[in-house]
Amino acid sequence: MEQIVPFGCFMKAIERIIKQAQQRPMRIALSETEDARVLGAARRVTDMGVAQVTLVGDLLQTQAAAQKYNVSLQGINLVCPHTSVDRNEFAEHWYSLRKHKGLNYEQALLEVLDPLTFANLMVKFGRCDGTVNGAEHATSQVVRRALQIIGPAPDCELVSSFFIMMLCEPFHHLKGGLIFSDCGLVIEPNFKELAAIAISAASSARELLMVEPKLAMLSFSTNGSAKHESVDKVRYAAELVKKACPQIAVDQDIQLDAAIVEEIAARKLPKSEVKGQSNVLIFPNLESGNIGYKLAERLGGAVAIGPLLQGLRYPANDLSRGCSFQDIVHVIAVTVVQAQHIHIQMS
């Protein structure tokens, strides 16, 4: 089985997240129970005291997979949708959500047997506090079920995504963790949607990086140096963020170099609120965000965790189908910390 890399400098941000998760392990549902990576991660986070794991799937097949991969299921909760006492209640809810799409109750009874659907329903009904899926499911499937069943938080205008980017190698000019958003979900946000993404990302930075957010609204322009409708969108979004969250430092329409290099910020934007110390980078659209995080990861040597979802009523996070055992451990820890903050807000 793959081994967790020892925590060194480059892992400081995720180490803090894991320590925070261990303070109050939350109940996390995993639906891909025959995947060796998922089983290994479930075992590891259970042993580390990071999460209380529920594996949602066929009981016999889950046990057979665990035996095949030599993973002990001791201390891990197993739920089989076929035999669960919640099946009928979940089916009734799923029917109520989808009957306007032509779904009948008999179909609902069958569809809730799908482990991904059942895991999200467990979160919706408070049986679990969050869910992590995507080792075998496409992102579109994972996000669709989360939106359909869990839905957005009451105070959130838009569900979006973010990456935690960790830059702590000796060769990195910038050290520590950064939030990149949105790099995985909202394709072409308008200025109101971009503002919502930025506000959510600021909350993610505060909760997960445990820092005060400093936002850079990225553009090819700095402080109006270029005139274009895409620059206007970024500026309008920044104004909405400042109005909604006046306590947060925000730089509007700023180029990347001025956002992260103090000397360049001093030259290009002397009145900068962030002063080249951004820890939250907001990209103007999905195209730039996706390219940006992959450049940072593949050429810059950053460690990327995500895409993670923000703005949901309860946490549900996605995995890359190419994810490693270690990636799943990290995303579970992030999901636990998100769930902790939601419980604090609700108490």
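# Reading domains, sheets and helix packing

Modeller: The protein is divided into domain 1 (23–151) and domain 2 (160–299), with bounds from an automatic or database domain assignment. This is a predicted model, in which local features need pLDDT of at least 70, side-chain atom pairs count only at pLDDT 80 or more, and totals for chains, interfaces and linings use all residues. Residues are numbered from 1 along each chain as its sequence is written, and side-chain values use heavy atoms, with hydrogens and water left out.

Biologist: How many Å apart do the C-alpha centres of domain 1 and domain 2 lie?

Modeller: They are 34 Å apart.

Biologist: Now the sheets. What is the order of the open sheet of 5 strands?

Modeller: Strands (E, at least two residues) and helices (H or I, at least four) are DSSP runs numbered from the N terminus, and two strands pair if DSSP finds at least two bridges between them. Here the order is S3-S2-S1-S4-S11, and the pairing is parallel. At the edges are strand S3 (77–79) and strand S11 (316–318), each pairing on one side only. On average, neighbouring strands of this sheet are turned by 25° against each other, direction ignored.

Biologist: Which residue in S11 is the bridge partner of Val132?

Modeller: Asn317 is the partner of Val132. Strand S4 (residues 130–133) pairs with S11 in the parallel sense over 3 bridges.

Biologist: Which strands does helix H2 lie across?

Modeller: Helix H2 (residues 36–48) lies across strand S1 (26–30) and strand S2 (51–56), and runs at about 155° to S2. Such angles run from 0 to 180 degrees between N-to-C directions, with axes fitted to C-alpha atoms, for helices over the stretch in contact. Contact means heavy atoms within 4.5 Å.

Biologist: What is the pairing in the open sheet of 6 strands?

Modeller: The pairing there is mixed, and the order is S8-S7-S9-S6-S5-S10. Strand S8 (249–254) and S10 are the edges with a single partner strand each, so one side of each has no neighbour in the sheet. Its neighbouring strands are turned by 20° against each other on average, direction ignored. S7 and strand S9 (residues 280–282) pair in the parallel sense over 3 bridges, and Leu215 has Val280 in S9 as its bridge partner. Helix H9 (residues 229–244) packs on this sheet, touching S7 and S8, and makes about 170° with the direction of S8.

Biologist: At what angle do H1 and H13 pack?

Modeller: Helix H1 (residues 12–23) and helix H13 (residues 325–346) pack at about 55°, their axes 9 Å apart. H1 is therefore oblique to H13; under 35 degrees counts as roughly parallel, over 145 as roughly antiparallel, 65 to 115 as roughly perpendicular, and the rest as oblique. The crossing is left-handed, that is, the near helix is turned anticlockwise from the far one by less than a right angle.

Biologist: Which residues make the contact?

Modeller: H1 gives Ile14, Ile17, Ile18, Gln20 and Ala21, while H13 gives His330, Ala333, Val334, Val336, Val337 and Gln340. By class, this contact has 8 nonpolar, 3 polar and no charged residues.

Notes
Ala, Val, Leu, Ile, Met, Phe, Trp, Tyr, Cys and Pro count as nonpolar, Asp, Glu, Lys and Arg as charged, and the others, Gly among them, as polar.
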